Amino acid sequence: MQTTQLWVIFSLFGIAKLQSNTDVQSLLTQLFTTNNYNTLIRPSTNQSAPKEIDINFNLYGITDVDEIEQKLTTTGWLEITWQDDLLTWTPASYNEVEKLYLPQGNIWKPDVSLQNGFSELEELGSKFIQVYVHNSGFIMWRPFQVFETKCDMNSKYFPFDEQKCHLMFVSWSHASDDITLTQSSNGIELSEELNGHGEWEITSSSATSDLDGFISRVKFTIVIKRKPLYTIMNIILPIILLALLDIFTFKIPADTGERLGYTITVWLSFAVFLTIVSDSLPKTSDSVPIVSIYIMIQLFMGTLIVLISTVEAGLVANPESVPVYNILRFIALRLRRNNVKSSEDMVMKIDPEILEVTWKEAITAVDTCLFLICMGIFFITTIICFLIVAI
Ligand SMILES: *[C@@H]1O[C@H](CO)[C@@H](O)[C@H](O)[C@H]1NC(C)=O
């Protein structure tokens, strides 16, 4: 009773197209048995004309960006559509059956494959993926895939670097006068649930089609940009702070025992820290990141500071009977002169022969100069490196 009522309602609104399994069965028999559909035949009634295949790329997420192997791993699916002249029917003859879903192996499909793939050349999709077939002959095939592509990366400007990678699809065995590939979108379609990558963000994408020799090709380009915050917080900032600490060695009196301990401690933390962060730096020898050069400069300065401190510790222990080196005495007197600016005429009368300079005073004067020089080098290198990398 209820079923009858529903049937009446549906018929009134004309929504119901109650097709039975036999309608689909007879359609399949017509297409595959009577018409004898052959997956080996390019499905054009005019075999002289090239078959046009349209490809769109839907990106689901960036899985991995590998600077060492120069590899980009993306997850997504292709939307490949074409016209199959041999899979058409009039729905009216089959109780309004308008569409079919068939396993991808059961119909002709183009041998689209990734040209710049990282691993073996493989057939797209898998056996269980079904292809949508419309009665007009419109076919839609959506193989989902993890694409591993070769991508030339340059990490010179790490962590402000931007990489441009291509995903190139070709019809592997066919020349362009048999199969032409086109792209109907002008970029990569980003899935609504795009899986963001912690370190990279997508800035733009594009799609073009061209000819690679005799082969028709569709090229999807994706531009990704590194998010620099993590690197700045975890690598660059600590190194800047350590370098600053190191420079302040020169503010500790040279005759205290603390000083050598302090410099060595800072140097060691530098070394330990470098071991920890070396994993986060891009490991390529082709384009050394400027950040690595910066770290090396700071480490080099740290080493110099340790050496200078050691030498100074030896000098400051000299007895007064040993005369102060002329160069040290000169620096000390220059500094003393600068400090006594008020008595202008005293400055003129300074006579290196008369004025005594102790070892301690000389070393303190040298320290003051070195402090300023190191500060200067530190600021200049930091600013220059930052400007090169960020612009
Ligand atoms: C078949 O395609 C070729 C090439 O596009 C064209 O020159 C020819 O006219 C077509 N033949 C028919 C019957 O449409």
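Trainee: Okay, strands here are DSSP runs of E with at least two residues, and they are numbered from the N terminus. With that settled, where does glutamine 183 lie?

Mentor: Glutamine 183 is in the loop between strand E9 (179-182) and strand E10 (189-195). Keep in mind that this is a predicted model.

Trainee: Which residues does glutamine 183 touch, not counting those up to four places away in sequence?

Mentor: Asp54, Ile55, Ala207, Thr208, Ser209 and Val218.

Trainee: And which side chain does the glutamine 183 side chain make a polar contact with?

Mentor: That of serine 209, at 3.1 Å. The glutamine 183 side chain also reaches a backbone oxygen, that of alanine 207, at 3.3 Å.

Trainee: Switching to the big picture, how is the chain divided?

Mentor: There's domain 1, covering 19-227, and domain 2, covering 230-390. Their C-alpha centres lie 61 Å apart.

Trainee: How many residues are in contact between domain 1 and domain 2?

Mentor: Twelve from domain 1, touching 18 from domain 2. The area buried between the two domains is about 1200 Å², and carbon and sulfur atoms give 71% of it.

Trainee: Which residues in domain 1 lose the most area to domain 2?

Mentor: Lys156, Phe158 and Phe160, which together make up 47% of what the domain 1 side buries. By class, the side of domain 1 that touches domain 2 has five nonpolar, three polar and four charged residues.

Trainee: Then how many salt bridges does a search of the whole structure find?

Mentor: It finds 14. One of them joins arginine 226 and glutamate 67, N to O at 2.8 Å. That pair links distant parts of the chain, 159 residues apart: arginine 226 is in strand E12 (residues 215-226), and glutamate 67 is in the loop between strand E1 (51-66) and strand E2 (71-83).

Trainee: What about aromatic pairs, how many does the count come to?

Mentor: The count is 15. Among them, tyrosine 325 and tryptophan 359 are edge-to-face, 5.3 Å centre to centre with 85 degrees between the planes. Tyrosine 325 is in the loop between helix H5 (290-316) and helix H6 (326-339), while tryptophan 359 is in helix H8 (residues 359-390), 34 residues away.

Trainee: What's the phi of glutamine 70?

Mentor: Positive, about 55 degrees, although glutamine 70 is not a glycine. Most residues other than glycine have a negative phi.

Trainee: Last one: where does proline 238 lie?

Mentor: In helix H3 (residues 229-247). Leaving aside neighbours within four places in sequence, proline 238 is in contact with Ile232, Met233 and Phe273. Proline 238 and phenylalanine 270 are 32 residues apart in sequence, and their C-alpha atoms are 9.3 Å apart in space.

How values were computed:
Residues numbered from 1 in each chain as written. Predicted model: local features only at pLDDT ≥ 70, side-chain atom pairs only at ≥ 80, totals over all residues. Heavy atoms only, no water. Domains from an automatic or database assignment. Contact = heavy atoms within 4.5 Å. Buried area = accessible area lost by both parts, 1.4 Å probe. Nonpolar A, V, L, I, M, F, W, Y, C, P; charged D, E, K, R; others polar. Phe/Tyr/Trp six-rings, centres within 6.5 Å; stacked < 30°, edge-to-face > 60°. Helix = DSSP H or I, 4+ residues; strand = E, 2+ residues; numbered from the N terminus. Salt bridge = Lys/Arg side-chain N within 4 Å of Asp/Glu carboxyl O. Polar contact = N/O pair within 3.5 Å; in protein donor to acceptor, adjacent residues only side chain to side chain.
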